[in-house]
Every structure is written in structure tokens, then in C-alpha cells.
Amino acid sequence: MRHSMLRAVGLLLLLFALPVLAANGGMTLEQLATLRAVSQATISPDGSRIAYVLSVPRRIGVDDDGPAWGELHVASRDGASRGYVTGKVNVGGLAWAPDGRSLYYLAKRQGDEARSLYRIPVDGGESSVVATLKSDIRGFSLSADGNQVALLAPQPESDELKALRKKGFSQKVYEEDWRPVQLWIAGTGEGAAPRLVEVEGSVQSVRWSPAGDRLALLVAPRQLTDDTLVFTRVRIVSPEGRVLGKVENPGKVSDLAWSPDGAHLAFISAEDEHDAQQGRLFVAGRDGGAWRDLLPGLPGHVVDVEWRDASTVQFLSFEGVQARLGEVGLDGGAQQTLLPAEGPVWNSFDRSRGGDIALLASTPQHPSELFLLAAGEAAPRRLTDSNPWLADVRLARQEVIRYQARDGLEIEGLLVHPLERRGNERVPLIVVVHGGPESHYTNGWLTSYAQPLHHAAARGYALFLPNYRSSTGRGVEFSKKGFGRPGMEEFDDVVDGVDHLIATGLVDGSKVGITGGSYGGYASAWGATYYSERFAAAVMFVGISDQASLVTTGDIPWEQYLVHMGTWPWEDPELFRKTSPITYAKQSKTPTLILHGEADPRVPPMQSYMFYRYLKLAGQAPVRLVLYPGEGHGNARAASRYDYSLRLMQWMDHYLKGPGGEPPPYAIDYALPDGDAKK
């Protein structure tokens, strides 16, 4: 009886300890929930100012729940910054007017029925509406003279359909009642009514040519996720909608950029239909047709592109765990590195007419901030400090590690050390596996609600983030190494990394947990079943448990087929069986926490229902399922994110530090400001 009481007291103390500042001065979960970051940036034509969007999380328990706000700010070259549109707003899609005297942005402001295009003078004055449609404007492109703007917005519902919905006829016809994203063109003067430009398919992106005589589009056959991911193609049309040219890009595609003379179009594409991620830098002529790869064999992935002049393309590429800014000539020659793959991890850039470059980047010490590489200078300067309080928080050391997998392949990853360690004592480890698998970890800021690294490090954990085979950042060949063999060698790489850390003397092999979302959730389920003897705790988020049903119930069956599996369940049922965690549920002895958004279309929540029931019926270890109503493939709302962080750390602390046994109480004390904290 006394033992039971002590355990109950211990659990209660654990719950209340989670939000409190760690005794050694590390990061709290409350602090993590307030982190701000610069998410978009564009430099003025003359390079004198940079407009950017600041992502500002809502205050938990104070503001109405929802996703982070997006504020419009403008910084000068010396770093002085001013808020232009702030508060409870969601600004996006920034663009400067050609004369640099005003800014265009997208927002749904008070009184708007849909997201509209606004313009604000930068030297004083209020925002005014430039264009509005019956549905949210998703993107836009200004003509070079600034007199016209191309708009993208979903086809609105008809008045008849709206009336029927009000009468209760709210049925959905799966994959048939989709509405295309349409192309509109409007003047930027007062009273200019947008006109619809007929385009076959659903438009994902638009770029107006310098001469204004054509537009480059990314067009999907239908507005379904699979189509937008793997079947989107480049189309070139006149302002009236006449097709002037096509580029049959070989796979996934993103990011269009016209050369200053309008003679060439650069775009980022996959190498072929089995390439999991767009990352090759291609250039085609103004009328489409054949393309050429400017960086063949690049051991990385291109993520952003601009033109320096009519014969030189500048690009940003992820290479390993770093990012490089470079340029290359139209013939593939004259390659040059402007910023080497070291230091801050650059994730996007924008160029002024005079050659000044605005960049966004993070480091292990701070989330994404704004930098300026002035023309003629060798090093960029940081212009923003969105979280000045971070200077007073002790952050753990982050280190790049490399090790050999069991078959000899070199694997790269990140290790976050515990903030404090007593001598050479071995510490508990949390393995954090990225999703995709067409993704990778960079040596930048990695802490987030789903991977609260600095908070966990302050509580004595080491954290390991592996870039297992199939990850991006190391070229096409490396990213294809898991094709047709999901899990398997990919997750062997993860376990081999754990063994490497145990061999160094850092990690206690009996106290290893695993977590991740999406494909990382798949890895967590794999760790809890196939590799159960290696993991003392698992937290699976929006993860895969059964490969066959994922293909038939998720919204990306063709992507699964083309870039992951290479076959269908009815063609090779054994492959789908042996790569599904539920197959190994009976052998699981790993306490497993499963979390999922109820509105997830990518990995439907039935994947978590199935995994929970298999583990529950197997009865070998504790299991808990937590669902988030209204959330999709990842949590967007502030309260859902905070709840996730608390539950993740509660589960890891309970099973990696003790007391273990039965799960901790499912009720969480959120310690909200109004005192109504229990749920």
C-alpha cells in the first residue's frame, strides 16, 4: 500500500515538474511554445529594405486557440525593423512593387469573406484591397511593369450548392467533387475587375515573364494531393490562356524562375518519376520543350533558385546537414560557391536588382531569422532577433556525427548532448526520426513542439536525429536506396546509430526511446514491434502501421507506388505484410503512446486505430491512443501542440527514467493562466 502511494505521489510530481524551468536553466515547454520565426522574406528592387513575415504563436490559455499568426514587418539594411501589419493577422505571399514604394501581400482581414490581395505604401499609409475573389487567393505574380497581377484561387462553390448545404445536404463525393485552382488576371489600379483565364487542369504556381507576354505555370491534372505531388507539369500560356509551350518535367517539380531577358525558365524537378524529391536544377527555353540539368550528379538537393543575369543562375542546395549558396552558367560551367556549406543553414533567398541577397537561415542557437548578403561582401549579416530571451537560456551542444551502417554505408546525423552530465555516466537517449523519408535533418534549429530537443536535453537526455538512407541532402542515388524496401535497411540504419552511441559510452542501451511523425511515426512503430528489444518507450505520431491499407485509404497512392514501394499490394502482398509494424505486434514489449489528428488525409487515423488494437490485443505492453479533433497530418493549433509536447515528455520520463509499469495518468495539468488547467 505504501509503495502504491509513493508511486502516485511520484507521478503527480512528474506531471507538475514538466512545465517548470529545469534546475540547470534549460528550456521549458512553455518557452518552446512561444518561439517566433521568420518564415518568408523578399528584398526591395533597390536592396534598401527587406519585407518579411514573422510567425507568432498564440498564447496558450490567453488567446483563442488556433495556428500561429503571420505578421508583416520591414527591415532596413542596418537591421532596424518595423511592424506594418501586426496582431491577429495571417499575412503571406509577399512581393514588392517594381518601384519599391509599396508592398503586396495576401491576408484575410476583418470584414473579408475570403483571403484577398492587399497593397501597403512603405513610407506611410494604410493597406488597400487590390483584388478579391469569391474564394481565398492562394498565390499571385506581379507583371514586370506592375500594372497587372496574376491570381490563383480555388473555383468557388456555386450559389446553388451553398444553398443546399444550408439545408443540410453536406455530403462529400470522394475524389470527384474537387474544385480546380483557377488563374485570374487583374489590373492593379482602382476598380479593376479580375478576369478568369481558362486553363486545363488545376494551377499550383504562376510566374509572369519579364516581357509580360506569357506566364509560366505549374499545372496538376486535378486538385488531388497525389496529382499535385507527382503529376504536376510546367505549362507556358499567354495572358489570354493560349498554350505557348510545355515542359514535360520527369517527376515532382517546384519553384519557377524566368531569366531577366525572358529567354529561359529555370525550375527545380525530380530526376525521374521514381526520384522521391525535386532537387535537380533544370533550365528550358521560353517556349518550353527540352530541358537540361545544370548540376548533374550534385550530391545534394536544390531548394531555391534565382537569376543573377541572363546567363547565370543562382541556387541554394542542401548538401549533407548544411546548405550552400552557389551559381552556375547556362551551359553548366562557371560554377561558383557564394556561401559554403557551413555555418547557418540557409533555407531560402531573394535577390535585388543590384545583387544584394536576403536569406532566411537557422543555426543550432536560434530558429529561422533574416540575413543580408550585401553586394560585394563575402559574409552575410543577421538582421533580426525574434527571440531575444533565448540569450538567457542555456542550450545543449549539437554535434554532427557519422557512422557506418552494418552494410558499410556511411550515415550522417545530429546528436544533441544532455545539457549536463555527471562525469562519464551513461544517459537515456531519445531517437527522433524524420518523416518523408524524402526529408533530412540539417545542422540548424531543430527544436519544435513535436521534437522538444532543448527541453529534453535540459532534463538529462541525449537526442539522436539520424539521416538514414532514403533521406535527401545527399543526392538522388542515396535518396533512392530504400526504394521498394520501406523500413528494412532504413530503420536498421537508425538502430546502428544507437549502437554507435552506446559504443562511445554516452548512452545507456536499456533506456532508449524512439519517436517521430509520419514516416518517423512508421519508424517509431517499427521500433516498438520489429525492434522492440531495443526500445524501452515509443511515441508514434501520425504514423504508418499497415502498408497495404495506407495505399488504399490515404491520399497519395501513386506517390507510394512511384517513389516508395514500386509495386501494388495485390502484386506483392508479402512485401506489404513484412514491411508493416502490425505484423510484429505480438512480439512488442515496448510501452507505446500513439497520437494522431482525426482529420489526417495523408496517413488516415485508422493506421493508429489498427496499431492500438493490435498492441492492445497482443497484451504484451502498455499502449495509449490520443486523438486530436480537427487536426490533420501534424498539429497546427497552439493547444494541440502544447498537449503533444507534454504527453511526449511525460511518456519518455515515465518509461526511461521511472517508475515505468502502468501508464501515467491520461489527464494532463496544463497550468493555464486562468487556473482551469485540468482536462
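Helices here are DSSP runs of H or I with at least four residues, strands are E runs of at least two, and both are numbered from the N terminus. With that in hand, look at the segment after α13 (638-657), where you'll find Pro 659. A cis peptide bond joins Gly 658 to this proline, with omega about 15°. Ala 671 sits in the segment after α13 too, and its phi is positive, near 50°, in a residue other than glycine.

A word on the ground rules. This is a predicted model, where local features need pLDDT of at least 70 and side-chain atom pairs count only at pLDDT 80 or more, while totals for chains, interfaces and linings use all residues. Residues are numbered from 1 along each chain as its sequence is written, and side-chain values use heavy atoms, with hydrogens and water left out.

Why flag such spots at all? Because most residues other than glycine have a negative phi, and most peptide bonds are trans.

Back to Ala 671: its relative accessibility is 52%, so it counts as exposed. The cut-offs are under 20% relative accessible area for buried, over 50% for exposed and partly exposed in between, with a 1.4 Å probe and protein chains only. Ser 518 also has a positive phi, near 65°, but at 18% relative accessibility it counts as buried. You'll see Ser 518 in the loop between β33 (507-517) and α8 (519-528).

There's another cis peptide bond to check, from Gly 436 to Pro 437, with omega near 10°. Pro 437 is in the loop between β31 (427-433) and α5 (453-458).

Now for a helix, α7 (residues 488-503). After α7 comes Gly 505, with a positive phi near 90°.

Last stop, the surface: Lys 134, Arg 138, Lys 162, Lys 166 and Arg 179 gather there in a patch of positive charge.

Methods. Patch = residues over 30% accessible without salt bridge, like charges linked within 9 Å, V, L, I, M, F, W, Y side chains within 5 Å. Areas by Shrake-Rupley, 256 points an atom, 1.4 Å probe, with all protein chains shown as cover. Salt bridge = Lys/Arg side-chain N within 4 Å of Asp/Glu carboxyl O. Lys, Arg positive; Asp, Glu negative; His and termini not counted. Charge placed at Lys NZ, Arg CZ, Asp CG, Glu CD.
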